[in-house]
Amino acid sequence: MRLLLDTANLSDIRYFNEYYPIEGVTTNPTILSAEGGNVLELLSEIRAIIGWDKELHVQVTEKDFDRIIEEAIALVSFLGENTYVKIPATDVGLKATKYLSKRGYKITVTAILSEAQGMLAANAGASYVAPYVSRLDNLCADGVGTVKQISDILSFSGQKTQVLAASFKTAKEVLDVAAAGCHCATVGSSVMKNLLSHTTTDTSIARFDSDWKQAFGDVTILSLLNEGKK
Ligand code: E4P
């Protein structure tokens, strides 16, 4: 399952883009509000960090159809063609998705809270549909189950639309949607770190280092190989 980073924090984006296998960055109005400042400068800095080839998902802030279309077109011309315009799952959102996807724009229909919304968004031509896992769980619904159902519906119908699961609070939820057949997930910085970190990995590495040092001192395999070349 492919991973995107769900933040607009520049130092986090620099770090994860350098070290982790992420395919892009997702934002929403709340995520951008958390950083504050000049939003357009922030978005273009994100684009500069991740480069033109990675995905950048940005949500529309306009509400009526004509303004959403104008905003979406302006956003893509500002941030490049690998920009996914996030549009919430409403009737106006579906109309805008139909209009823009027919004209080649990549749309992520967001704030998906049901299988029916996911199906409609895919039928409207969305590139991604983004179900909100932990927000569903908080309603005593089944976030991972909803992601699985939408993934199944899309694959049964042979649609190209992919599921971009979002709104994660734990690393386990991320693994659960991967095991449920989800194509892609967007994950915040702390959950992303939790996907990698493990105390037993740390103690294992410490043990490897101390055993090696006890037997060979400060040499490394590289230093021995370089020594042999002399
Ligand atoms: C994607 O960008 C979604 O908007 C985001 O994952 C929602 O996450 P939240 O439910 O933690 O706000």
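**View 1. Elements around the second largest pocket.** H2, helix H3 (39–50), strand S3 (55–59) and helix H4 (65–79) each give at least two residues to the lining of the second largest pocket. The model shown here, as in the other views, is predicted. Among these elements, H3 makes the largest contribution to the lining, with three residues. The volume of the second largest pocket is about 210 Å³.

**View 2. Residues lining the second largest pocket.** The lining is made up of Pro29, Leu32, Val39, Leu40, Leu43, Val58, Gln59, Val60, Thr61, Glu71 and Leu75. Sorted by type, eight of the lining residues are nonpolar, two are polar and one is charged.

**View 3. The largest pocket and its centre.** The largest pocket holds about 310 Å³ of space. Its lining consists of 20 residues, and those nearest the centre of the pocket are Asp6, Asn28, Ile31, Arg135 and Ser167. Two or more lining residues come from each of helix H2 (29–35), strand S5 (106–112) and helix H7 (133–138). H7 supplies the largest share of this lining, namely three residues.

**View 4. Types of residue in the lining of the largest pocket.** How many of the residues lining the largest pocket are nonpolar, polar or charged? The lining of the largest pocket has six nonpolar residues, 10 polar residues and four charged residues.

**View 5. Ala111 and its backbone angle.** Most residues other than glycine have a negative phi. Ala111 is not a glycine, yet its phi is positive, at about 60°. This alanine belongs to strand S5. Is Ala111 buried, partly exposed or exposed? The relative accessible area of Ala111 is 26%, so the residue counts as partly exposed, a class that lies between the cut-offs of 20% and 50%.

**View 6. Cys140 and its backbone angle.** Cys140 also is not a glycine and has a positive phi, of about 60°. Where does Cys140 sit? Cys140 is placed in the loop between H7 and helix H8 (143–156). Cys140 counts as exposed because its relative accessibility is 77%, and the cut-off for exposed is over 50%.

How values were computed:
Residues numbered from 1 in each chain as written. Predicted model: local features only at pLDDT ≥ 70, side-chain atom pairs only at ≥ 80, totals over all residues. Heavy atoms only, no water. 1 Å grid on protein atoms, 1.4 Å probe; cavity = no way out; pocket = protein on both sides within 12 Å on 5 of 7 lines; lining within 4 Å. Points joined across faces, edges and corners; volume = space filled by probe spheres on them. Helix = DSSP H or I, 4+ residues; strand = E, 2+ residues; numbered from the N terminus. Nonpolar A, V, L, I, M, F, W, Y, C, P; charged D, E, K, R; others polar. Buried < 20%, exposed > 50% of the residue type's maximum accessible area, 1.4 Å probe, protein only.
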